[in-house]
Amino acid sequence: MNKQQLIDFEKDIAALYEEGKIKGVIHLRDGNEEKLIEIFKSIGIEDYVFATWANHLEALLKGIPPKLVKARIIEGESMAMNFPDYKFYTSAIVGGICPIVVGT
């Protein structure tokens with residue numbers, strides 16, 4: 001995904017939240033799309049990604065389909081989206097991803 005697609009995705013999520021269609025907590029990001037895109041150029045399909053509670057852009061850049069990410073967010077799972085098939089794990093607990101990394 002490119003920078004504008006990432007921005008548009010987060011704007012769409014923000015609009016859904018404002019409309020009351022997302023009942024859970026969400027953490028949106030902006031302004032670091034270019035840096036994330038650069039980082040993810042080095043991440044392959046077989047690589048694991050471990051992220052924090054603000055993970056939407058990382059999920060998209062890992063190759064998880066936007067519809068799947070959006071569905072999880074709408075279900076209220078924004079802050080702890082795990083996609084084992086994509087080797088993508090998150091934690092909503094500050095510092096909580098470290099034990100997951102070690103266990104993996």
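**Core, helix packing and selected residues of a predicted model**

Asn-55 is buried, with a relative accessible area of 0%. Buried here means under 20% relative accessible area, exposed means over 50%, and partly exposed lies in between (1.4 Å probe, protein chains only). The structure is a predicted model, in which local features need pLDDT of at least 70, side-chain atom pairs count only at pLDDT 80 or more, and totals for chains, interfaces and linings use all residues. Residues are numbered from 1 along each chain as its sequence is written, and side-chain values use heavy atoms, with hydrogens and water left out.

Asn-55 is found in the loop between E1 and H3. Helices (H or I, at least four residues) and strands (E, at least two) are DSSP runs, numbered from the N terminus. Leaving aside neighbours within four places in sequence, Asn-55 is in contact with Ser-78, Met-79, Ala-80, Met-81, Phe-88 and Thr-90. Contact means heavy atoms within 4.5 Å. Phe-88 has its own set of contacts, counted with the neighbours within four places in sequence left aside. Among them are Val-49, Ala-51, Glu-58, Ala-59, Lys-62 and Ile-64.

Phe-88 also belongs to the largest nonpolar core, which has 21 residues. Such a core is a set of buried Ala, Val, Leu, Ile, Met, Phe, Trp, Tyr and Cys residues joined through side-chain atoms within 4.5 Å. Ile-13, Val-69, Ile-73 and Phe-88 have the most contacts inside this core. Two or more residues each come from helix H1 (3-18), helix H2 (33-40), strand E1 (49-51), helix H3 (56-62) and helix H4 (66-74). In soluble globular proteins, nonpolar side chains tend to be buried together.

Glu-33, Leu-36, Ile-37 and Phe-40 are buried in H2. These residues cover an arc of only 100° around the axis, so they sit on the same side of H2. The arc is that of the directions from the helix axis to the C-beta atoms. Glu-34, Lys-35 and Ile-39 are exposed on the other side of H2. The buried residues of H2 pack against H1, E1 and H3.

Glu-33 counts as buried at 4% relative accessibility. Residues up to four places away in sequence not counted, Glu-33 touches Lys-3, Leu-6, Ile-7 and Leu-57.

The axes of H1 and H2 come within 9 Å and cross at roughly 120°. That makes H1 oblique to H2. Axes are lines fitted to C-alpha atoms, for helices over the stretch in contact, and angles run from 0 to 180 degrees between N-to-C directions. Angles under 35 degrees count as roughly parallel, over 145 as roughly antiparallel, 65 to 115 as roughly perpendicular and the rest as oblique. Lys-3, Leu-6 and Ile-7 of H1 meet Glu-33, Glu-34 and Ile-37 of H2 in this contact.

H1 and H4 pack at an angle of about 25°, with their axes 11 Å apart. H1 is therefore roughly parallel to H4. Phe-9, Asp-12, Ile-13 and Leu-16 of H1 make the contact with Pro-66, Val-69, Lys-70, Ile-73 and Ile-74 of H4.

Two loop residues complete the description. Val-25 has its place in the loop between H1 and H2. The C-alpha atoms of Val-25 and Ser-78 are separated by 7.0 Å, with the two residues 53 apart along the chain. Lys-87 lies in the loop between H4 and strand E2 (88-90). Lys-87 has a positive phi of about 55° although it is not a glycine.
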